[in-house]
Amino acid sequence: MKAWLSFGTLSLCLSLSSCKKAPAADEAVPPVPSTATESAAAAPSADKPAQVATPVPSAAPALPAPPDVAAAPTDAKKTASGLASKILTPGKGKEHPTDTDSVLVHYTGWKKDGTMFDSSVVRGEPAKFGVTQVIPGWTEALKLMVKGEKRRIWLPAKLAYGESGPPGAPTGELVFDVELLDIAKPPVTPPDVKAAPASAKKTSSGLAYRVLSKGKGKDHPSATSRVTVHYSGWTTDGKMFDSSVARGEPARFGLNQVIKGWTEGVQLMVVGEKTRFWIPGGLAYGERPSRPGAPSGTLVFDIELITID
């Protein structure tokens, strides 16, 4: 997915990445990033393995490299792609992550010479990201795992960052210990995504909405408020184009920095409320968006208002 707001570069090692300045209100769009919000986990990208945004603190102790860091042992299983892996701790169940899932993991990465270059274990914070938002070796390995499993993977350069990556990127063959803590499924497409039902309320602008669950209190955000929300967005043919729920990280933004349908709609809500909105193209990106990859026509969003600042 494209990032509609202007975010920092993707992190090399699943660490945190900060937002850059938001776009002007007249060109603003909903906060639907692929890998980051104002403070969201960003996964290593196959096509954009950028510099480390939040490296392991220099004072933090490095975890010792495994004895087989230099090469996969004979009992490691290999795939046609060149991935080698070995289960260190069996997991539970039979469910494997799929391309549409997000995962929560702990991991540590070493170079072949035993140098540790990153570790969520050392940081004390697991990482969450989409299965397809990572380097090819990770995507393939994750789909072999089950919840609770810990696996060591040996990645050839072609499944990682290559032999000559960008500054700061580990190059060549890499070794990771990965523990799959949880698997998150994407939100289910609403049954009424094609058109607003008769029970939906409509405003004079053409915005339609239906409250899914009531909130608490009487305070509504204003057009200049900053809000924290969870949301999912679909086109009317049922295709989900973005979801903070699937990423497991809420979005925070100014209501004057988003498309008109969001600015108007979220002001109707109170904290704790979850509402479904049908936003016509004129209040979204238009029928023929000028931004490459932007969804066109009427869009449907489920939005949960978490906080108002």
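This is a predicted model: local features need pLDDT of at least 70, side-chain atom pairs count only at pLDDT 80 or more; totals for chains, interfaces and linings use all residues.
Residues are numbered from 1 along each chain as its sequence is written, and side-chain values use heavy atoms, with hydrogens and water left out. Local features need pLDDT of at least 70 and side-chain atom pairs count only at pLDDT 80 or more, whereas totals for chains, interfaces and linings use all residues.

The structure holds nine aromatic pairs, where rings of Phe, Tyr and Trp (its six-membered ring) pair if their centres lie within 6.5 Å, and planes under 30 degrees apart count as stacked, over 60 as edge-to-face and the rest as tilted. Two of these pairs are set out below.

| Pair | Geometry | Centre to centre | Angle between planes |
|---|---|---|---|
| Tyr209 and Phe277 | tilted | 6.1 Å | 35° |
| Phe241 and Phe301 | edge-to-face | 5.6 Å | 90° |

Tyr209 lies in strand E11 (residues 208-213) and Phe277 in strand E15 (residues 274-279), 68 residues apart; strands are DSSP runs of at least two residues (E) and helices of at least four (H or I), numbered from the N terminus. Because Phe241 belongs to strand E13 (residues 240-243) and Phe301 to strand E16 (residues 299-308), their pair ties together parts that are 60 residues apart in sequence.

Tyr209 and Phe277 are both buried, a term for under 20% relative accessible area, with exposed over 50% and partly exposed in between (1.4 Å probe, protein chains only). Phe241 is buried at 5%, and Phe301 at 0%. Elsewhere, ring pairs join Tyr107, Phe117, Phe129, Trp138 and Phe176 into a cluster.

Glu149, in the loop between helix H2 (136-142) and strand E8 (150-155), is buried with a relative accessible area of 4%. Leaving aside residues up to four places away in sequence, Glu149 touches residues including Ile87, Pro90, Leu144 and Val178, contact meaning heavy atoms within 4.5 Å.
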